[in-house]
Amino acid sequence: MAAIRLKLKTGECKSNSSLNRVLGQYQINTQKFCTQFNTESLKKYKNGILFYCYITKVNKDIFTIFLGSPCLKDLIINFSMFKNNSYYLTIEEFYDLFLIYKNLSNKNINLKNFLGSISTFKNLKLIK
């Protein structure tokens, strides 16, 4: 049983050379995967959110797709687009971002882990 980890946008998965190369190593049909991923991801989430995706190959032509947590950097960029591309967040907006991330994630996340993840984003500033 093989496990593959990818970063893919919901509803926007397309067959391309890099995806063909990765999935081809495990004999997974790229077209079939893209169709299944797009339909499954759009049932749960809005189009265009970057997620960590885990693919497990069970048998020939049988695989499962599990959406992990969203990519935090992409979420911050999308969140800040509503604020004219500035990376300055108030405490209230920061908490809203945490709640959005927590609701999109399939796992429990606490504020300490969220703060650790967000500290890697160099341009983000918290303001009063």
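Colleague: How are helix 4 and helix 5 oriented relative to each other?

Modeller: Two packed helices are described by the angle between their axes and the distance between the axes. In this predicted model, the axes of helix 4 (residues 91-104) and helix 5 (residues 111-118) cross at roughly 105° and come within 11 Å. Angles of 65 to 115 degrees count as roughly perpendicular, and helix 4 and helix 5 are therefore roughly perpendicular to each other.

Colleague: Which residues make the contact between helix 4 and helix 5?

Modeller: Helix 4 contributes Phe94, Leu97, Phe98 and Tyr101, while helix 5 contributes Leu111, Phe114, Leu115 and Ile118. Sorted by class, the contact of helix 4 with helix 5 has 8 nonpolar residues, no polar and no charged ones.

Colleague: At what angle do the axes of helix 1 and helix 2 cross?

Modeller: The axes of helix 1 and helix 2 cross at roughly 105° and come within 10 Å. Helix 1 and helix 2 are therefore roughly perpendicular to each other. On the side of helix 1, Leu19, Asn20 and Leu23 take part, and they meet Thr30, Phe33 and Cys34 in helix 2. The residues of this contact divide into 4 nonpolar, 2 polar and no charged.

Colleague: Phe33 is part of that contact. Which residues touch the most other members of the largest nonpolar core?

Modeller: Phe33, Ile55 and Phe114 do so, in a core of 32 residues. The elements giving two or more residues to this core are strand 1, strand 2 (50-59), strand 3 and helices 1, 2, 3 (72-80), 4 and 5. Helix 4 gives the most, with 5 residues.

Colleague: What is the geometry of the pair formed by tyrosine 45 and phenylalanine 51?

Modeller: Their ring centres are 4.6 Å apart and their planes are at 35°, so this pair is tilted. Tyrosine 45 counts as buried at 13% relative accessibility, and phenylalanine 51 counts as buried at 0%.

Colleague: Which residues do ring pairs link into a cluster?

Modeller: The cluster consists of Phe33, Phe37 and Phe63.

Colleague: Let us turn to individual residues. Is threonine 10 buried or exposed?

Modeller: Relative accessibility is the value to consult, and a residue under 20% is taken as buried. Threonine 10 has 0% relative accessibility and therefore counts as buried. Its place is in the loop between strand 1 (2-9) and helix 1 (17-24).

Colleague: Which residues does threonine 10 contact, leaving aside its neighbours within four places in sequence?

Modeller: With those neighbours left aside, threonine 10 is in contact with Phe37, Ser41, Leu42, Tyr45, Lys46, Asn47, Gly48, Ile49 and Phe51. Among these is Ser41, a residue of helix 2. Serine 41 is buried, with a relative accessible area of 1%. Not counting residues up to four places away in sequence, serine 41 touches Thr10, Gly11 and Leu67. The C-alpha atoms of serine 41 and cysteine 53 are separated by 10.0 Å, and these residues are 12 apart along the chain.

Colleague: Where is asparagine 38 found?

Modeller: Asparagine 38 is found in helix 2. Asparagine 38 has a relative accessible area of 16% and is buried. Beyond its neighbours within four places in sequence, asparagine 38 is in contact with Gly11, Glu12 and Cys13.

Colleague: What is the phi value of glutamine 27?

Modeller: Most residues other than glycine have a negative phi. Glutamine 27, by contrast, has a positive phi, near 55°. Glutamine 27 is found in the loop between helix 1 and helix 2, and it is exposed, with a relative accessible area of 57%.

Technical notes
Residues numbered from 1 in each chain as written. Predicted model: local features only at pLDDT ≥ 70, side-chain atom pairs only at ≥ 80, totals over all residues. Heavy atoms only, no water. Helix = DSSP H or I, 4+ residues; strand = E, 2+ residues; numbered from the N terminus. Buried < 20%, exposed > 50% of the residue type's maximum accessible area, 1.4 Å probe, protein only. Contact = heavy atoms within 4.5 Å. Phe/Tyr/Trp six-rings, centres within 6.5 Å; stacked < 30°, edge-to-face > 60°. Axes fitted to C-alpha atoms, helices over the stretch in contact; angles between N-to-C directions. Parallel < 35°, antiparallel > 145°, perpendicular 65-115°, else oblique. Nonpolar A, V, L, I, M, F, W, Y, C, P; charged D, E, K, R; others polar. Core = buried A, V, L, I, M, F, W, Y, C linked by side-chain atoms within 4.5 Å.
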